[in-house]
Amino acid sequence: MPNYLDVVYNKSKRPYASYPSHLCGYLFDRFSMKKGDTLLDIGCGRGDFTKGFKDLGLVVSAIDREMGDAELFEGVDVHKSEDLGNDPFPFGDETFDFVFSKSVIEHIRNPDTIIKETQRVLKPGGRVISMVPDWQSQMYIFYNDYTHVHPYTSEGLKDLLAIYGFKETTSELFYQLPILWKYPWLKVVSRTLQLLGPVKRIHKNKFMRWSRELMILATGVK
């Protein structure tokens, strides 16, 4: 029987692209990562972002229920978890400099365990980086993925990290368009497109799609 990756992230529907490596590079620079830093990729899925961080020289571990092509995890400490929402992570206390997740915690009804485990495995001064779909811009398509159970807003995700003891918490609406990271002034065009309201369908034009279909990027320090 096909699994979640086979159906939702199959390579014919979502072929491998350069975006994961661009995002990893952006986060590497923005959060002052260094070669040799340790990073845990929670909900690693196909391994696109796992490989992106590994290629930047980080020492990467990964965990998920289902995983993609083995070659993307070469040189990575990979673990399987049947239930990220309830299972303790198979890593020691204060192991990682960074814990990263993208499009993960919205699949978990109660985030208590996953946030507590993130806090536990981070080193003192370590940073959590969490990215989730923005409910306010994606409300009409959020449940197209039947495994989505917990919508988030920017303020709600920031509060979640603060409640579990993270410091220096920030949260922002995030555009998945590398050109906007390089030329922030172009956001005025994206913001104009957002006047059309929450998206009701997936646009084929990438600039149109990712100008309106926003993510939330939240971070905090242990």
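Is glutamate 172 buried, partly exposed or exposed? Glutamate 172 is partly exposed, because its relative accessible area is 26%; buried stands for under 20%, exposed for over 50%, and partly exposed for values in between, with a 1.4 Å probe and protein chains only. The points below concern a predicted model, in which local features need pLDDT of at least 70 and side-chain atom pairs count only at pLDDT 80 or more, while totals for chains, interfaces and linings use all residues. Residues are numbered from 1 along each chain as its sequence is written, and side-chain values use heavy atoms, with hydrogens and water left out.

1. The side chain of glutamate 172 forms a salt bridge with that of arginine 30, at 2.6 Å from N to O. Glutamate 172 belongs to strand β6 (residues 167-174) and arginine 30 to helix α2 (residues 19-30), so the pair ties together parts that are 142 residues apart in sequence. Arginine 30 is also partly exposed, with a relative accessible area of 33%. A salt bridge here is a side-chain nitrogen of Lys or Arg within 4 Å of a carboxyl oxygen of Asp or Glu. Helices (H or I, at least four residues) and strands (E, at least two) are DSSP runs, numbered from the N terminus. The whole structure contains ten salt bridges.

2. Aspartate 97 and lysine 123 meet through their side chains in a salt bridge of 3.4 Å, N to O. Since aspartate 97 lies in strand β4 and lysine 123 in strand β5, the pair ties together parts that are 26 residues apart in sequence. Lysine 123 counts as partly exposed, at 28% relative accessibility.

3. Arginine 120 forms a salt bridge with glutamate 117, and their closest N and O atoms are 2.8 Å apart. Both residues lie in helix α4, three residues apart, which is about one turn of the helix. Arginine 120 is partly exposed at 23% relative accessibility, whereas glutamate 117 is buried, with a relative accessible area of 11%. Salt bridges that share partners join Asp93, Glu117 and Arg120 into one network. As background, side chains of opposite charge can pair when their charged atoms come close.

4. The structure holds one cavity of 30 Å³ or more, and the largest cavity has a volume of about 70 Å³. A cavity is a set of points, on a 1 Å grid over the protein atoms alone, where a 1.4 Å probe fits but cannot get out; lining residues have an atom within 4 Å of a point. Grid points are joined across faces, edges and corners, and the volume is the space filled by probe spheres set on the points.

5. Lining of the cavity. Among the residues that line the largest cavity are Ile42, Val99, Ser101, Thr118, Ser130 and Leu161. At least two lining residues come from each of β4 (96-102), α4 (112-121), β5 (122-133) and α6 (154-163). Helix α4 gives the largest share, three residues. The lining divides into eight nonpolar, three polar and no charged residues; Ala, Val, Leu, Ile, Met, Phe, Trp, Tyr, Cys and Pro count as nonpolar, Asp, Glu, Lys and Arg as charged, and the others, Gly among them, as polar.

6. Nonpolar surface patch. Ile179, Tyr183 and Trp185 make a nonpolar surface patch of about 350 Å². Patches are made of residues with over 30% relative accessible area and no salt bridge, like charges being joined within 9 Å and nonpolar side chains (Val, Leu, Ile, Met, Phe, Trp, Tyr) within 5 Å. Accessible areas come from the Shrake-Rupley method with a 1.4 Å probe, and for residues only the protein chains shown count as cover. Tryptophan 185 sits in the loop between α7 (178-182) and α8 (187-193) and is exposed, at 61% relative accessibility.

7. Valine 199, in the loop between α8 and α9 (206-212), is buried at 1% relative accessibility. Its C-alpha atom is separated by 9.8 Å from that of phenylalanine 142, 57 residues apart along the chain. Leucine 193, in helix α8, is buried, with a relative accessible area of 18%.

8. Backbone angles. Serine 32 has a positive phi of about 55° although it is not a glycine, and it lies in the loop between α2 and β1 (38-42). Glutamate 168, in strand β6, has a positive phi of about 50°.

How values were computed. On a 1 Å grid over the protein atoms alone, a cavity is a set of points where a 1.4 Å probe fits but cannot get out, and a pocket is an open set with protein on both sides within 12 Å along at least five of seven lines; lining residues have an atom within 4 Å of a point.
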